[in-house]
Structure formats: C-alpha cells, structure tokens
There are 2 protein chains.
Amino acid sequence: MPLSSCYLFQGISQSQIERIAAISREQQYQMGQWLFQEGQEARHLYQVQEGSVELVIKVEEAIEIPMAVIRPDNGCLGVGALVEPYRYSLSARCLEDSTLVAVSKTRLDELMHDDFELHCAIMTNLAKKLLDRLKETRQEVKIHFMNLVRSITF
Amino acid sequence: MPLSSCYLFQGISQSQIERIAAISREQQYQMGQWLFQEGQEARHLYQVQEGSVELVIKVEEAIEIPMAVIRPDNGCLGVGALVEPYRYSLSARCLEDSTLVAVSKTRLDELMHDDFELHCAIMTNLAKKLLDRLKETRQEVKIHFMNLVRSITF
C-alpha cells in the first residue's frame, strides 16, 4: 500500500508524497506486540502496509474496549503525533505479524513548516476524520443512553 | 468578546481577525430559540458574545442528551461549517436571550482559499479541539462500558 492511500495524504501532490516517503521507514512487528500505549509521547505516525493493528482503550488491567482495527486499506494510526499535546490517545497492538511504515513526527513537522499547502491539506483531512470519529463515538453514547433510559422505564 | 477569543482563531494575526470580522454579523436570539439542527447544511460558524447556547443530541421527540454549553468565554459552535460534508453534527438552542456573531461559511472559505497560513491555523486549532472532544466522548463510553461490566458482574 503506498503512503498516498492514507486519508491524511489525500489531495497532496506526488512530490509531497515522495518527501514524506523519504522521512519514513518500514518496520516489522509481531502478533501481539504493542506499538504504543495511550498517553505516551507520540513520535510516529503509522501506516499499515501488511497485517492489522487494533486500537483499544484500556479500562483496567484485564479489560479493554476495542475501538477500531486498522488494515492496509483503511487508514493510518497515531494521529496524536499531529496535534498538541502530541500524545497517543489510544493504545495499539498488532493483531497479526505486520509490516508498518513509521513517519517521524519531528521530520513531518519540519516538512509542514516549510510547506503551508501540505500542512493545510493534512490538517483539513485530519479534522474531517476526527469529526467523523466524534460522530461515531457520539452514536455509541446515544445507544448506551437509550439502553439506560429503557432499563429505567421498563 | 472579540472574535479572537474563539479557539479556532488562536495564533492568527490582527489583520486576519479583521478580515474575519468583516464577513461576520451580530444577531440576536431569544431564549429557547434553535440556532440549527443536527444534519442541516452548515452555513455559519457562531461565536457567543452574550448569553449561552446548549449543544444537544436529539434521541427521540422528548429525549435529548446534553453535550456542551457554549458561553462567551469558552468557544464557538457550528464547526460542521469547516469540514466536509458541511453539516451540523449536533443541534443548538439558546439557554437564554443571546447575542451571537455569525461568520459566513462561504466567505470564510474564500478567505482561507486566499490565505494558506490562515487556513492552516484554523484547521490545526480545529483538529486539536476535535481530538480533545473525541477523548472526552471516549471517556463517556468508558464509563458506560464500566457500568455495563459491573451490572453483569454483580
């Protein structure tokens, strides 16, 4: 999967993609390996090339809420690397042996600093995705709320 | 409250603020009046100058989930005007007689199209806010989830 398949890089030029590819490196991960934990400093943005990665909220030691599974066809992860306070907002673990491309936060910052058009495109794509995720998460709250209302009513 | 107090316009210059002020107009709303409904085309971004506006999810005719109250000191509303598909993602109603400043989506698009730096700053501020809201909403899901686990366990 090329980097251009990541929603963050939609609408950016081939030369911009090449500059991002130049600050990226491919990494191998094993099934069950953690990529990052919620709250950790976000130093990389990741794209799944092969395999799959699960995003979870850890509730207690043995309890996790699954939030999403990222595969080569549906996006990237670690967007905390793009937004203050630059920390991961979920924990990520490989569901199988996986190949990921890691983009350095520091070097992507430098690229965006030198190219307003690139910065703009990435932030606009990110805002759209975050608003979509917010709507989905609100739907979950709505379902829980309805269940609560029903359990009180009946 | 000046427009510059809105989180979206943090870090932008005085002349950029003045250009946004020039495409804005003050409007009076009465207590109980709806500003917009979830799903409607988002034509304006609003800032509360005086009074307060409640953001809600409508669940059924008589059931609403309160999501936030926007006052002069804590932000703006209607950010669906900044992100595709340009629809409001919540419903908004005045909690009291209120004075709002409405910024035209079409004209703000024109300003951002001509000024990448402005576009960049607004989108970066928006992404930060949306990630914060997403984290808060996930916390709610976490609480509901924990309650569910407890109700099954005990």
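Colleague: Between which two strands of chain A is the loop that holds A:P85?

Modeller: This is a predicted model, and its local features are read with that in mind. The peptide bond leading from A:E84 to A:P85 is cis, with omega near 0°. As for its place, A:P85 belongs to the loop between β6 (76–77) and β7 (91–94).

Colleague: What is omega near for the peptide bond from B:E84 to B:P85?

Modeller: B:P85 is in the loop between β6 (76–77) and β7 (91–94) of chain B. The bond that joins B:E84 to B:P85 is cis, and its omega is near 5°.

Colleague: Is A:Y86 buried, partly exposed or exposed?

Modeller: A:Y86 is placed in the loop between β6 and β7 of chain A, and its phi is positive, near 55°, in a residue other than glycine. Buried means under 20% relative accessible area and exposed means over 50%. A:Y86 has 27% relative accessibility, so A:Y86 counts as partly exposed.

Colleague: What pattern does chain A follow when read along the sequence?

Modeller: Three helices and eight strands make up the secondary structure of chain A. Taken in sequence order, they give α-β-β-β-β-β-β-β-β-α-α.

Colleague: Which residues are linked with A:R93 in a network of salt bridges?

Modeller: A:R93 and A:E54 are both buried. The network that includes A:R93 is formed with A:E54 and A:E64.

Colleague: How many residues apart in sequence are the parts that B:D115 and B:R19 tie together?

Modeller: B:D115 and B:R19 form a salt bridge, with the closest N and O atoms 3.5 Å apart. B:D115 lies in the loop between α2 (105–114) and α3 (116–153) of chain B, and B:R19 in helix α1 (residues 14–22), so the parts tied together are separated in sequence by 96 residues.

Colleague: By about how much of a helix are B:K105 and B:D109 separated?

Modeller: The side chains of B:K105 and B:D109 meet in a salt bridge of 2.3 Å, N to O. B:K105 is buried, at 15% relative accessible area, whereas B:D109 is partly exposed, at 28%. Because the two are four residues apart in helix α2 of chain B, their separation is about one helical turn.

Colleague: How much area do chain B and chain A bury between them?

Modeller: The size of an interface is often given as the accessible area lost when the parts come together. Here 37 residues of chain B are in contact with 37 residues of chain A, and the count of salt bridges between the chains is zero. Of the area buried, 79% is on carbon and sulfur atoms, and the total is about 3800 Å².

Colleague: Which side chain of opposite charge is nearest to A:R138?

Modeller: A:R138 is found in helix α3 (residues 116–153) of chain A, and its contacts include B:I57, B:M67 and B:T137. A salt bridge requires the nitrogen to be within 4 Å of a carboxyl oxygen. A:R138 is buried and has no salt bridge; at 7.3 Å, the nearest side chain of opposite charge is B:E38.

Key. Residues are numbered from 1 along each chain as its sequence is written. Chains are lettered from A and ligands numbered from 1 in the order in which they are written. This is a predicted model: local features need pLDDT of at least 70, side-chain atom pairs count only at pLDDT 80 or more; totals for chains, interfaces and linings use all residues. Side-chain values use heavy atoms; hydrogens and water are left out. Contact means heavy atoms within 4.5 Å. Buried area is the accessible area (1.4 Å probe) that two parts lose on being put together, summed over both. Buried means under 20% relative accessible area, exposed over 50%, partly exposed in between (1.4 Å probe, protein chains only). Lys and Arg count as positive and Asp and Glu as negative; His and the chain ends are not counted. Lists of a residue's contacts leave out its neighbours within four places in sequence.
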